[in-house]
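Please walk through this fold from the overall chain to the ligand shell. Keep the model open beside the text.

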Amino acid sequence: MGFEIVSLRARDIEQAHALIHKVIRNHPSYSPEARRFWESYYTPAVLRKHLHDTNWMFLVARQDGKVVGFTDIMWFEGGVTRSDWTIVDPCYRGHGIGHALMRAKLAVARKRGCHKIIADSIVGNTEGERLLKSSGFKKLARLRDYWFHQDYQLWEKQL
Ligand SMILES: CC(C)(COP(=O)(O)OP(=O)(O)OC[C@H]1O[C@@H](n2cnc3c(N)ncnc32)[C@H](O)[C@@H]1OP(=O)(O)O)[C@@H](O)C(=O)NCCC(=O)NCCS
């Protein structure tokens, strides 16, 4: 069975949260401090609180009756938005789910009138960089001593 990209539903919050935590907790590029921060960024309470927030949207990939991917998008004034995390369960990677989540996110941003999306990726995250590059993002600069004193790459894409 293939996957589908849908909006996060209340009953899938626990599964989405478990996936996000599993991936962030084991991500080799982030310092322990950064992992602790990102784990606390997406708690079930935060996901629940913003589920119907018109300025924040959570998308998930569902396959085999479970949540296997996650991404989110937030709107800012002035037509510029920021691509936050895109996460796929390690067992389901390399089959186009990451790209499909990104495509869905870009479509939502365009629909909301955004003309530009920006992203940052931690240096050393080759899978993250690959996803951004093949989704049409252009690398702008290296951000030294950025979040939690780690180096990042800054990206942008015209929508
Ligand atoms: C980055 C991440 C989301 C990518 O997820 P993914 O589902 O493996 O992504 P995709 O399968 O769409 O694309 C990965 C590669 O597999 C290839 N691929 C796509 N469909 C495929 C298929 N059916 N069979 C084999 N390979 C395929 C793609 O071509 C792509 O390579 P390319 O980018 O050079 O074109 C995933 O590695 C991840 O969760 N990483 C940890 C979290 C993270 O660091 N996120 C990014 C920063 S926020």
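Among contacts in the protein chain between residues at least 6 apart in sequence, 62% join residues at least 24 apart. Two residues are in contact if their C-beta atoms, placed from the backbone, lie within 7 Å. This is a predicted model: local features need pLDDT of at least 70, side-chain atom pairs count only at pLDDT 80 or more, and totals for chains, interfaces and linings use all residues. Residues are numbered from 1 along each chain as its sequence is written.

The protein chain holds five helices and seven strands. Both are DSSP runs numbered from the N terminus: helices are H or I with at least four residues, strands E with at least two. Along the sequence the pattern reads β-α-α-α-β-β-β-α-β-α-β-β. The radius of gyration, taken over C-alpha atoms, is 15 Å, close to the 15 Å of the globule rule (2.2 Å times the number of residues to the power 0.38) for 159 residues, so the chain is as compact as a globular protein of that length. Of the 159 residues, 29% count as buried. Buried means 20 or more other C-beta atoms within 10 Å of the residue's own, exposed means 12 or fewer, and partly exposed lies in between; C-beta atoms are placed from the backbone.

Seven strands form an open sheet with the order 1-2-3-4-5-7-6 and mixed pairing; strands pair if DSSP finds at least two bridges between them. Strand 1 (4-7) and strand 6 (138-143) stand at the edges with a single partner strand each, so one side of each has no neighbour in the sheet. Strand 3 (residues 66-74) and strand 4 (residues 80-88) run antiparallel, joined by five bridges. Met74 has Arg82 of strand 4 as its bridge partner.

Helices pack on this sheet. Helix 1 (residues 13-25) touches strand 2 (56-63), strand 3 and strand 4, and its direction makes about 85° with that of strand 3. Angles run from 0 to 180 degrees between N-to-C directions, with axes fitted to C-alpha atoms, for helices over the stretch in contact. Helix 5 (residues 126-134) lies across strand 4, strand 5 (116-122) and strand 7 (152-158), at about 160° to strand 5.

Which element gives the largest share of the shell around the ligand? Helix 5 does, with five residues. Of the 19 residues around the ligand, Arg93, Gly96, Gly98, His99 and Gly128 come nearest; near means a C-beta atom, placed from the backbone, within 6 Å.
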